[in-house]
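Okay, thanks everyone for coming.

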Amino acid sequence: LRMVGTPREATVIIDDEAVGSLELVAAHGVALPVGVHHVTVKASGYFPWDREVKAEEGQAPIRLEVALTPVPD
């Protein structure tokens, strides 16, 4: 799994487990086992971002673009 987006300090959570910052996942990627996975990106002051992805044997890395929306004041 490869992700790019903002804010770079946002936390990436896969299947209820924090895997690091968006910046870290953008730089290094995350290996996903075959199957369906729930991806959430959260940051203070922003609405959370959620997607379901399906990892399949032999497929190219999944690429996701994330742009969190700020919570209005």
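Let's start with Asp 16, which counts as exposed, at 78% relative accessibility. You'll find Asp 16 in the loop between S2 and S3. Its phi is near 70°, a positive value in a residue other than glycine. Before we go on, keep in mind that this is a predicted model.

Step back one residue to Asp 15, also placed in the loop between S2 and S3. Asp 15 isn't a glycine either, yet phi is positive there, at about 50°. Is Asp 15 buried, exposed or partly exposed? Asp 15 comes out as partly exposed, because its relative accessibility is 39%. If we skip sequence neighbours within four places, what does Asp 15 contact? Those contacts are Val 36, His 37 and His 38.

The one to zoom in on is His 37. A polar contact of 2.6 Å runs between the side chains of Asp 15 and His 37. His 37 sits in strand S4, and with a relative accessible area of 7% it is buried. So on the one hand we have a partly exposed Asp 15, and on the other a buried His 37, with their side chains in polar contact.

Asp 15 and Glu 52 are 37 residues apart in sequence, but C-alpha to C-alpha they are 9.6 Å apart in space. Glu 52 is also the bridge partner, in S5, of His 38.

What is the strand order in the open sheet? The four strands go S3-S2-S4-S5, with antiparallel pairing. S3, residues 17-21, and S5 are at the edges with a single partner strand each, so one side of each has no neighbour in the sheet. From one strand to the next, the twist averages 25°. As for S4 and S5, the antiparallel pair is joined by seven bridges.

There's another pairing elsewhere, between S1 and S6. Those two run parallel, and five bridges join them. One example is Val 4, whose bridge partner in S6 is Glu 65. S6 has two faces to look at: Leu 64 and Val 66 make up the covered one, while Arg 63, Glu 65 and Ala 67 are on the uncovered one.

Now the inside. The largest nonpolar core has 19 residues, and the members touching the most others are Leu 1, Met 3 and Val 39. At least two core residues come from each of S2 (11-14), H1 (22-28), S4 (35-42), S5 (49-55) and S6 (63-67). Which of these gives the most? That's S5, with three residues. In general, nonpolar side chains in soluble globular proteins tend to be buried together.

Next, the charged pairs. How many salt bridges does the structure hold? Two. One joins the side chains of Glu 23 and Arg 8, at 4.0 Å, N to O. Glu 23 is in helix H1 and Arg 8 in the loop between S1 (2-6) and S2, so this pair ties together parts 15 residues apart in sequence. Both count as partly exposed, Glu 23 at 43% relative accessibility and Arg 8 at 37%.

The other salt bridge pairs the side chains of Glu 56 and Lys 54, at 3.9 Å, N to O. Lys 54 is exposed, with a relative accessible area of 53%, whereas Glu 56 is partly exposed, at 45%.

One last stop is the loop between S1 and S2, where you'll find Pro 7. The peptide bond joining Thr 6 and Pro 7 is cis, with omega at about -5°.

Key:
Residues numbered from 1 in each chain as written. Predicted model: local features only at pLDDT ≥ 70, side-chain atom pairs only at ≥ 80, totals over all residues. Heavy atoms only, no water. Core = buried A, V, L, I, M, F, W, Y, C linked by side-chain atoms within 4.5 Å. Buried < 20%, exposed > 50% of the residue type's maximum accessible area, 1.4 Å probe, protein only. Polar contact = N/O pair within 3.5 Å; in protein donor to acceptor, adjacent residues only side chain to side chain. Pairing = 2+ DSSP bridges. Axes fitted to C-alpha atoms, helices over the stretch in contact; angles between N-to-C directions. Contact = heavy atoms within 4.5 Å.
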